[in-house]
Amino acid sequence: MLGEPQDFSLVLGGPLFQLLRRSHLSGDALELIRQRILVISLLAWLPLLALSALEGQALAGRAAVPFLLDVEVHVRFLIALPLLIVAELVVHQRMRLIVPQFLERNLIPKSALPRFDAAIKSALRLRNSLVAEVLLIAFVYFVGILLIWRHYVALSTATWYAVPTAEGLKLSVTGFWYGYVSLPLYQFLLVRWYYRIFIWTRFLWQVSRINLSLIPTHPDRVGGLGFLANTVYPFMPLAVAHGVMLAGPITNRIFYLGAALTEFKAEIVVVVAFLLLLVLGPLLLFSPQLAQAKRTGNREYGALAARYVREFDAKWVRGEAPADEPLVGSGDIQSLADLANSFEVVRTMRLAPITRDALLRLVAATLIPIVPLMLTMMPLEELLRKLLGILF
């Protein structure tokens, strides 16, 4: 039998979590969030300020992009990185209430409780895995830093952290801290989020393989799975963080390489699509069962409706009603209306527990950090006029 489903948490475990607890930077339920943000953000950012100042690259010097004018590095370590930390607390507090609802709503048949229990235990084992976090660190250094950052992401101009040469980037002392301490720390926290969402997706896949007790007439129009749409909201800080991560490099390329915001339409679309797939994609795993429940409901409630309206027609239209039973005040009329409403609920069942409101909020959260960059294309007054024209 399932023990304590309310204790399920995507983030309350793992070697880094245990290290933070022993360092008194986290409590058992992710308390002390201000301390974590302060220590981790300053570990990534403050040495860069000090080293770049010592090398004369903080505000002036030979670099085309001095440290204090590098928008990307500041938004990454002072905005995006804290958001990744805040997201942990938000996801822990809100999503730990999701899993018990499978049981509270009687969606899991008694015969499938051991499978449900096994899915939870498997997810927790993956969350707590030392091997997984070691592999994530290796991925960050060998793929994230040595391959992607050095060859595809770093600016192709002289900066406070490196100078491009024929042999590749020549890192300064500050650049070594940036490339081998600050960036790996930030990237590890980011890819660990992807790993957690993989765990969540795998858990939902295992649950979706159980023959759930879906009710086609449930008012949420997804057979009782409507609560899963609420999983979008805890991931809002993660969506904003991705928007910030995108806005930083775009800003640098606009200010220092002469690019225009319109040149990055493809990147913006890709990031928004990626976030939609990351957060909403796992919910599509229930679509086959919802489609089957809708087909079954249409067939069964269609047959029930046909039988009822035939008897109603015979009784009240063909004159078979008892002479002493008045039409006015008869419960048959209300029953007919109730049946029609139930049939309409079945007919309009959705094939995924995704709402339009959740989708729009996720898109808006991702795009919010990009909006200020529109000022590089037009004055604020003209931008406001266009926005008001769209809204009103």
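**Second largest pocket**

I sorted the lining of the second largest pocket by class and got 19 nonpolar, no polar and one charged residues. (Ala, Val, Leu, Ile, Met, Phe, Trp, Tyr, Cys and Pro count as nonpolar, Asp, Glu, Lys and Arg as charged, and the others, Gly among them, as polar.) This is a predicted model, where local features need pLDDT of at least 70 and side-chain atom pairs pLDDT 80 or more, while totals for chains, interfaces and linings use all residues. Residues are numbered from 1 along each chain as its sequence is written, and side-chain values use heavy atoms, without hydrogens or water.

I found 20 lining residues here, with Leu16, Leu19, Ile137, Leu185 and Phe188 nearest the centre. (A pocket is an open set of points on a 1 Å grid over the protein atoms alone, where a 1.4 Å probe fits, with protein on both sides within 12 Å along at least five of seven lines; lining residues have an atom within 4 Å of a point.) α1 (15-22), α2 (33-54), α6 and α7 each give at least two of the lining residues. (Helices are DSSP runs of H or I, at least four residues, numbered from the N terminus.)

**Largest pocket**

Next I looked up the largest pocket, which has 27 lining residues; Arg76, Ile148, Val153, Leu190 and Met245 lie nearest its centre. By class I noted 19 nonpolar, four polar and four charged residues in its lining. α8 supplies the largest share, eight residues.

**α9 and α12**

Which residues of α9 and α12 make the contact? I listed Ile268, Val271, Val272, Leu275, Leu276, Val279 and Leu280 of α9, and Leu359, Leu362, Val363, Thr366 and Leu367 of α12. (Contact means heavy atoms within 4.5 Å.) These residues divide into eleven nonpolar, one polar and no charged.
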